Amino acid sequence: MDKVYALVDCDSFFVSCEQSVSPELKGKPVCVTGGVNGCVVSRSKEAKKVGVPMGYPVFMAQKEFKNVIYIEGNHERYKDFSNRVMQVLNNFSPTVEKCSIDEAYVDFTGLCKLYKKNYYELAVYLRQKILYEVDIPVSIGVSKSKTLAKFASDYAKNKGGVYLIGKSKLKKILPTTKVEDICGVGRRMKTALNKEGILICSEFVSKSDEWLKNKYSITYQELKHELLGEPVYNISPEYKAPKSIQETSSFAPATSEKDFLKNEISKHIKDACRKLRKHNLKTLNVGVMLKTKDFVVYSDNKNVFMPLNLEIDISKPIFELFEKIYNSNLLYRSTGVYFSNLCSADIVQGNLFNSQSNEKSDKLSASIDKIETKFGKGSIKTGFV
């Protein structure tokens, strides 16, 4: 049986979440921002029509587009909506691959018989189901490969929310689509192809497998087959652990107040450690970042002596780094922490002289998470010295 994949993409996701919570915002120009001194990170259709650019600094947007409603982002809210959308998808199909907070691939293969609908009707039905159950509008692209499904979902945003790319449409699309418009073609790949005179997709897929593999790499060969509707990449529902974790935030006004900055960093440490434990991970490298009001970033990182995921253990090296990069003569607008060189907490071998300490840390972190699960995030706070 031929594979059929769908890419479900939530429309203006952060704004849609806010409009679901506050229905009076629907139909109005709304932007979600990354804080008072941040940028525009999500726009409603109406905000796009009046010309608010994506990534535009908030203070400039408020001066230039005064009739737009600006809302500071609430990431806990967006995570909750994302989980609800993914639950609908998982109930709809046995094979779902979450790509990001607002995107997921869904395997439609064989579902026509189950739901007694063709593929277009399946997509329409799923779109209506998500809108009814979660109140989030989505665009759904359907085709025979993940790459084409992604491309179809982009078309769907201006085609009523659902778009299918089959053989007949593919013959029309490939000769009129630039290579850089395909997901997976970055700036470097575009430049390399353009140097060979390959500007559009039909020129790209006309090249032989051998030429693409020898001239570039197997990745180019695989992309060619994906564009021809010959699936190379399967939907993979397996869990993928993050390679790094970071927490950052901006604040206003900019400040050099040391205790305030340390308190912000302490919050980041707590949130980042919670993410580590959620993914059953520990870190061997920790870092801290300070950004000035002029957008100059100062950062430093260091390896820790053993894998860690508890706030109390991680705070010490983080604040040591903070003391190295902090300058009382500078005004700062944001702070952040980041963890890298992550490893599974299950396979960490305890230090011979610290095995008892490791066990205590694991028990303490489990207790913190249990209390916050019961009484809510922030019910336990960690400090600094």
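Helices (H or I, at least four residues) and strands (E, at least two) are DSSP runs, numbered from the N terminus. The model is predicted, so that local features require pLDDT of at least 70 and side-chain atom pairs pLDDT 80 or more, while totals for chains, interfaces and linings use all residues. Residues are numbered from 1 along each chain as its sequence is written, and side-chain values use heavy atoms, without hydrogens and water.

Of its 385 residues, 43% count as buried, that is, under 20% relative accessible area, where over 50% is exposed and anything in between partly exposed (1.4 Å probe, protein chains only).

Next, select Ser12, in the loop between strand E1 (5–10) and helix H1 (13–21). Phi of Ser12 is near 40°, a positive value in a residue other than glycine.

Proceed to helix H4 (residues 75–92) and helix H6 (residues 119–134), which pack at about 140° with axes 10 Å apart. Display Phe81, Arg84, Val85, Val88, Leu89 and Phe92 of H4 together with Leu122, Tyr125, Leu126, Lys129, Ile130, Glu133 and Val134 of H6; these residues make the contact, meaning heavy atoms within 4.5 Å.

Now select Pro253 in strand E9 (residues 245–255).

Finish at Phe295, in the loop between strand E10 (281–292) and strand E11 (297–308). Phe295 is not a glycine, yet has a positive phi of about 70°. The residue is exposed, with a relative accessible area of 53%.

Key. Axes are lines fitted to C-alpha atoms, for helices over the stretch in contact, and angles run from 0 to 180 degrees between N-to-C directions.
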